Amino acid sequence: MVSAAETPQQLRRERPRPPPPAVVEAELQWIFVEEELDQAPSILDGMPAEEERTLRRKGVNFILQVGMMLKLPQTTLSTAAVFFNRYLMRNSLKAKPGYKPLHHYQVAATSLFLATKVEENCRKMKELVVACVRVALKDPNKLVDEQTKDFWKWRDTILYSEDVVLESLCFDLNVESPYKTMYDMMKYYGVEHNKKLRNSAWAFLADSALTQMCLLFDSRTIAAASLYCGTRMADVALDEDDNKPWWEIQHVKLRDIRRACNLMADIYERTPDKDEETNKYSGLRTPDDGLDFGDTPRSMEGVQMTGQDSSQNQPTNGNATERGSEEGELDG
């Protein structure tokens with residue numbers, strides 16, 4: 001195993017400081033245990049747990065596809081996914097007498113709209129609306145402008161839903177990005193130029209956005225788990241500092257890192273590569289030091305690291321209606 005080489009500059013490096021207490025407290029307000037995820041509002045209203053997880057995954061896929069059309073950075077898409085998952089811990093997607101929920105695509109589009117402003121990667125409203133319509137209708141070449149009904153429907157929907165989502169989030173829009181934390185950790189150990197390590201860690205973070213990991217672990221733990229994934233894939237060892245292991249230096253609990261890695265390993269092991277071979281990330285599983293974390297949490301079951309739903313990648317055929325498929329429609 002290759003060891004991260006120490007240079008005189010690294011020997012004089014400043015030790016990472018623990019996250020500010022205010023940041024830790026703010027994140028803990030949105031961290032749940034597995035039992036609480038099984039009691040999400042949609043599930044309590046009678047929606048099957050598998051269907052609720054599927055809608056979450058479709059919503060995040062919607063965010064990713066619209067974000068790619070708008071060429072938004074991954075940090076913005078990650079923030080939008082966090083907003084989306086947090087909203088669904090406060091609101092139901094299942095209709096009932098006297099309550100008409102927002103469509104999961106509406107919530108996803110609004111979450112992305114908020115994330116572009118929070119992360120200061122704003123796009124023109126017209127560009128966002130056009131991208132949302134094209135992704136929702138599964139037609140990337142559809143002509144959309146101010147003269148089309150879908151344009152104004154989506155524009156009004158996003159502007160109306162913005163206040164609804166903000167209230168559900170309690171106007172708490174400060175999200176710590178695991179991408180920045182991960183890169184800072186890499187720089188501390190001087191491995192930021194290791195392409196294999198960097199790409200593996202980045203892939204871990206991108207795949208975790210399709211799960212509810214942001215509701216189970218804080219951003220620093222997710223960043224540390226991605227770094228551990230990268231070191232495993234690149235066969236790199238992180239040096240100790242003052243006889244302390246790297247996770248203590250980074251102010252993260254080893255138990256939480258292992259839990260996060262094993263959750264993703266369960267998903268990778270069920271998701272073969274395109275050539276039907278074992279996923280190269282399936283070897284991510286790590287011993288739990290005798291601690292039994294149980295099987296894959298029910299909130300993570302059924303998740304596949306495809307990056308996008310296959311149904312959303314299919315080209316639109318000539319029989320598509322003006323409103324698109326059922327998933328692409330917004331109830332009037």
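What share of the 332 residues in the chain is buried? Buried residues make up 52% of the chain, in a model that is predicted. The chain holds 16 helices and two strands, and its mean pLDDT is 78, with 77% of the residues reaching 70 or more.

**Confidence along the chain**
- Although the mean pLDDT of the chain is 78, the value falls below 50 over residues 6-11, a stretch that has six contacts in the model beyond its near neighbours in sequence.
- The pLDDT is also below 50 over residues 288-329, and this stretch has 97 contacts in the model beyond near neighbours in sequence.

**Contacts and surface**

**Helices α5 and α8**
- Helix α5 spans residues 49-69 and helix α8 spans residues 125-136, and their axes come within 9 Å and cross at roughly 130°.
- Because of that angle, α5 counts as oblique to α8, and the crossing of the two helices is right-handed.
- On the α5 side, the contact is made by Phe 62, Gln 65, Val 66 and Met 69, while α8 contributes Leu 128, Ala 131, Cys 132, Arg 134, Val 135 and Ala 136.

Note on methods: Residues are numbered from 1 along each chain as its sequence is written. This is a predicted model: local features need pLDDT of at least 70, side-chain atom pairs count only at pLDDT 80 or more; totals for chains, interfaces and linings use all residues. Side-chain values use heavy atoms; hydrogens and water are left out. pLDDT is the predictor's confidence in each residue, from 0 to 100. Contact means heavy atoms within 4.5 Å. Helices (H or I, at least four residues) and strands (E, at least two) are DSSP runs, numbered from the N terminus. Buried means under 20% relative accessible area, exposed over 50%, partly exposed in between (1.4 Å probe, protein chains only). Axes are lines fitted to C-alpha atoms, for helices over the stretch in contact, and angles run from 0 to 180 degrees between N-to-C directions. Angles under 35 degrees count as roughly parallel, over 145 as roughly antiparallel, 65 to 115 as roughly perpendicular and the rest as oblique. A crossing is left-handed if the near helix is turned anticlockwise from the far one by less than a right angle, and right-handed if clockwise.
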